[in-house]
Amino acid sequence: ILTREAFEDAITVTMALGGSTNATLHLLAIAHAANVELTLDDFNVIQERVPHLADLKPSGQYVFQDLYEVGGVPAVMKYLLANGFLHGDRITCTGKTVAENLAEFADLTPGQKVIMPLENPKRADGPLIILHGNLAPDGAVAKVSGVKVRNHTGPAKVFDSEEEAIEAVLADEIVDGDVVVVRFVGPKGGPGMPEMLSLSSMIVGKGQGDKVALLTDGRFSGGTYGLVVGHIAPEAQDGGPIAYLRTGDLVTVDQDTKEISMAVSDEELEKRKAETTLPPLYSRGVLGKYAHMVSSAAKGAVTDFWKPEETGKA
């Protein structure tokens with residue numbers, strides 16, 4: 001049931017509906033547990049061919065109750081299947097194929113406005129983009145649904161916790177054009193990778209959702225809106241480049257080139273590494289165990305490192 005094709009379909013539906021950035025974490029982790037090969041780059045391949053169809057909040061007009069009333073997720077899947085976007089012949093947990101399951105459901109309600117047609121999508125490609133660059137060599141995840149800005153370059157304002165960043169927003173220290181960076185909140189640094197919904201909501205509330213970029217090695221809620229990039233990997237706690245970014249450095253986020261970079265030379269970065277002492281890993285209780293065991297967000301933040309091909313186990 002948990003096949004490569006099943007994960008491709010899950011990513012396809014996520015792109016069409018404008019799902020959360022957290023889908024990357026969950027699907028990578030599930031694939032790891034199921035011993036199915038899946039990487040962040042696979043998300044970009046599907047992103048490029050699957051349009052964003054759902055006009056849902058926070059970037060659209062409608063809510064999930066509205067989607068339910070016009071046929072729900074099964075009707076959307078049926079529409080995608082009919083247009084060649086899903087693997088209709090794969091087996092599911094019902095014992096039937098995807099096509100057989102969906103045959104039992106109605107089509108989208110005629111005349112409905114929640115799901116836009118393929119001929120006139122909300123966005124021609126998917127809204128979840130994997131970015132790479134010298135700030136995130138292993139990748140980062142941006143949700144760009146409804147965001148008018150295609151690229152943004154601005155000075156970084158760097159914070160080592162969400163609380164510090166929130167204080168700066170409330171004190172009006174964040175101005176248009178800034179790139180707010182919250183680090184040491186990744187899987188190891190959190191520990192546990194907290195979401196930045198409060199911070200991103202405050203930035204939007206101040207009317208800066210399309211004027212300020214927000215970057216973090218933590219994560220975001222599905223309710224987040226704006227020019228936000230999460231899951232930056234390697235994370236700061238692991239010695240990723242984000243740990244050595246400084247306030248004032250120019251940072252670029254470009255959804256067209258899928259780039260996330262900082263205007264810091266390799267030589268300067270090495271100098272900063274030599275001058276910086278990373279904070280110790282959290283070491284108490286279950287969170288301490290987690291912090292010492294968890295992998296990068298780029299690998300689904302899983303907590304086991306054995307390789308089946310080396311142990312002979314699956």
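**Surface patch and salt bridges**

Mentor: In this predicted model, I1, L2, I30 and I91 make a nonpolar surface patch of about 360 Å².

Trainee: Is I1 buried or exposed?

Mentor: I1 is found in the segment before α1 (4–17). Exposed means over 50% relative accessible area. The relative accessibility of I1 is 54%, so this residue counts as exposed.

Trainee: How many salt bridges does a search of the whole structure find?

Mentor: One of them joins the side chains of D9 and R90, at 2.5 Å from N to O. A search of the whole structure finds a total of 17 salt bridges.

Trainee: How many residues apart in sequence are the parts that D9 and R90 tie together?

Mentor: The side chains of D9 and R90 meet in a salt bridge. D9 lies in helix α1 and R90 in the loop between α5 (72–82) and α6 (98–102), so the pair ties together parts whose separation in sequence is 81 residues.

Trainee: Does D9 count as buried or exposed?

Mentor: Buried means under 20% relative accessible area. Because its relative accessibility is 2%, D9 counts as buried.

Trainee: Which residue forms a salt bridge with D178?

Mentor: D178 is found in the loop between α7 (162–170) and β4 (179–182). Its partner lies in strand β3 (residues 151–159), 21 residues apart from D178. The closest N and O atoms of the two are 2.8 Å apart, and the partner is K157.

Trainee: Which backbone nitrogen does the side chain of D178 reach?

Mentor: The side chain of D178 makes a polar contact with the side chain of K157. The side chain of D178 also reaches a backbone nitrogen at 2.9 Å, that of V175.

Trainee: Is D178 buried or exposed?

Mentor: Not counting residues up to four places away in sequence, D178 touches residues including H152, P155 and E173. The relative accessibility of D178 is 3%, so D178 counts as buried.

Trainee: How far apart are the closest N and O atoms of R219 and E195?

Mentor: R219 lies in the loop between β5 (213–216) and β6 (227–233), and E195 in the loop between β4 and α8 (197–205). R219 is partly exposed at 23% relative accessibility, and E195 is partly exposed at 31%. In their salt bridge, the closest N and O atoms are apart by 3.6 Å.

Terms used: Residues are numbered from 1 along each chain as its sequence is written. This is a predicted model: local features need pLDDT of at least 70, side-chain atom pairs count only at pLDDT 80 or more; totals for chains, interfaces and linings use all residues. Side-chain values use heavy atoms; hydrogens and water are left out. Helices (H or I, at least four residues) and strands (E, at least two) are DSSP runs, numbered from the N terminus. Buried means under 20% relative accessible area, exposed over 50%, partly exposed in between (1.4 Å probe, protein chains only). A polar contact is a pair of N or O atoms within 3.5 Å; within protein, one must be able to donate a hydrogen and the other to accept it, and residues adjacent in sequence count only if both atoms are side-chain atoms. Contact means heavy atoms within 4.5 Å. Patches are made of residues with over 30% relative accessible area and no salt bridge: like charges are joined within 9 Å, nonpolar side chains (Val, Leu, Ile, Met, Phe, Trp, Tyr) within 5 Å. Accessible areas come from the Shrake-Rupley method with a 1.4 Å probe; for residues, only the protein chains shown count as cover. A salt bridge is a side-chain nitrogen of Lys or Arg within 4 Å of a carboxyl oxygen of Asp or Glu.
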